[in-house]
Amino acid sequence: MRVAAMHPRLGEARPVVAASPRRRPWQRSTVACRALPRSEPAAPACEGNPQQGQQQLGQLQQHLAAAARQVAKATTCVAAAAVLALGSAAPPPAEAVLNNPRAPVARTADVALRRSIPAFNTDVREVQNRLEAIGFKLRIPQRKPWQSMGDDAAAAAALVANRQLMMVGVLPGDEEKAAALLDDIEAVLVRLARSIEVKDAERTSIRVANSLEGVASLELLQAPGLPYQLPRALAGYPILAGRAVVELTVEKATGEEAFVDQNSGDGPQKQTKLVMVLDGFSAPITAANLAANFQAGVYNGAPLSVSGVSVLAGEAAELEDADAASVVNAASPADRRSGPPAALPLEMLAAGDFEPVYRSTLDVRSGELPVLPLSIYGAVAMAHLPDYSGSGYVSGTQFFIYKFDRTQAGLAGLSFDEGEFGVVGYIVKGLDAVSKLETGDRIVAVEVVSGLDKITTT
């Protein structure tokens, strides 16, 4: 096994990716400059009337000041237009996104997974938007808009109080569970209003997080499947129409007791559990394949290859050669009784799109951002094929856990590999253990806790 060849090339500086032909390229707007207004000539001062002379002198000074301001404004405008024409006035699209501190991308796994849930009930989504707005306003460092946050909390509480609207879309059999969630959300919103009233930022933040967790659980009960259909060219692939939860048990190869569970008093252990959530709403083909691999025991006993940026698991399937035809054949839908596919089409859902794109990277430099970002510690994605880059296909057997480091990213907190790898899910529990894994450690057991019943064939 050639680890170096199979290891995903993360953290490398990459050339500018050309805009996808399905999207318009980055367009710069031209700057329109107004002509400099002509100033009125000053009348000569009247020598025989000093008061009139002073008045005219004051008018002259005002004209000169106004003319100076217009000259400065026009100079700036003309300079900006000239530099834009040369293509160097503002940073190119790459820096424009990577240096924007408010780039609209999720920063944590729970936020990314919550935003990926299809909004089948718009009233529930409005509650989510109101709560996320409170969370955003809490980050204002100085005078926080408590009145505005109170208005958001009141609006969310009013919506939750209307149970008929909130229950729309809940599948038969889940009504009791949805009602219990709404009871919990309503109780937390009452406490949220109190913490906002007394301007307690810490308790407000905790209660916003608790409310959003309940809202996400409710939205999952209202999401019966995918809100889109896959392209005909991908017919036959198994898909995950929802979420799957997987529990991985990993063990230190040296037998060292390096893992500590903060929620138990058992002390250091040589084994620990990682809980992974696979998201079929954003990556249905990839999520279904990885869940099926876990269920089939593909990774039981698999050694881990660890670097500073990733934890790689699984072996790349051998391809007959590295031409495009062999890769396409390896990625064609097949009976899984013969084993997992050697390759899969690259799959990513861009924010604002209705369905994923296939065999195409995202042009992050021009503002295309994924719903499931790579720029989160614990992101899970399939590795690139070892011998055929740029094919639009990824490995069907090798996956990695990304150890995102914000200090090695752009100023907006985006990985320089963002948009190159299709994220399929996140490690949501056991993140502390990821940093302690080393090459040679093993996955000793895997359990698909839930989600297998959501795997179907298109």
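Mentor: Before we start, two strands count as paired if DSSP finds at least two bridges between them. Also keep in mind that this is a predicted model.

Trainee: Got it. How many bridges join strand S5 to S10?

Mentor: S5 covers residues 310-313, and S10 covers residues 393-402. The two strands run antiparallel, and Ala313 stands opposite Phe399 in S10. Pairing takes at least two bridges, and the number joining S5 to S10 is four.

Trainee: What about S6? Which residue in S10 is the bridge partner of Leu344?

Mentor: S6 is residues 343-345, and it pairs with S10 in the antiparallel sense over three bridges. Leu344 belongs to that strand, and its bridge partner in S10 is Val394.

Trainee: With those strands pairing to S10, how many of its residues are buried?

Mentor: Buried here means under 20% relative accessible area. For the protein chain, buried residues make up 43% of the 458 residues. S10 itself is mostly covered, and its buried count is 10 of 10.

Trainee: How many charged residues are in the contact of H5 with H9?

Mentor: H5 passes H9 in a left-handed crossing. The contact includes Arg125, Glu132 and Leu131 of H5, and Val208, Leu212 and Glu219 of H9. By class it holds 10 nonpolar and five polar residues, and the charged ones number three.

Trainee: And H6 with H8: how many nonpolar residues does that contact have?

Mentor: H6 (residues 146-161) and H8 (residues 175-197) pack at about 160°, with axes 10 Å apart, and they are therefore roughly antiparallel. Among the contact residues are Ala153, Ala156 and Ala157 of H6, and Leu182, Ile185 and Leu189 of H8. The polar residues number two and the charged one, while the nonpolar count is 12.

Definitions and conventions:
Residues are numbered from 1 along each chain as its sequence is written. This is a predicted model: local features need pLDDT of at least 70, side-chain atom pairs count only at pLDDT 80 or more; totals for chains, interfaces and linings use all residues. Side-chain values use heavy atoms; hydrogens and water are left out. A crossing is left-handed if the near helix is turned anticlockwise from the far one by less than a right angle, and right-handed if clockwise. Contact means heavy atoms within 4.5 Å. Ala, Val, Leu, Ile, Met, Phe, Trp, Tyr, Cys and Pro count as nonpolar, Asp, Glu, Lys and Arg as charged, and the others, Gly among them, as polar. Buried means under 20% relative accessible area, exposed over 50%, partly exposed in between (1.4 Å probe, protein chains only). Axes are lines fitted to C-alpha atoms, for helices over the stretch in contact, and angles run from 0 to 180 degrees between N-to-C directions. Angles under 35 degrees count as roughly parallel, over 145 as roughly antiparallel, 65 to 115 as roughly perpendicular and the rest as oblique.
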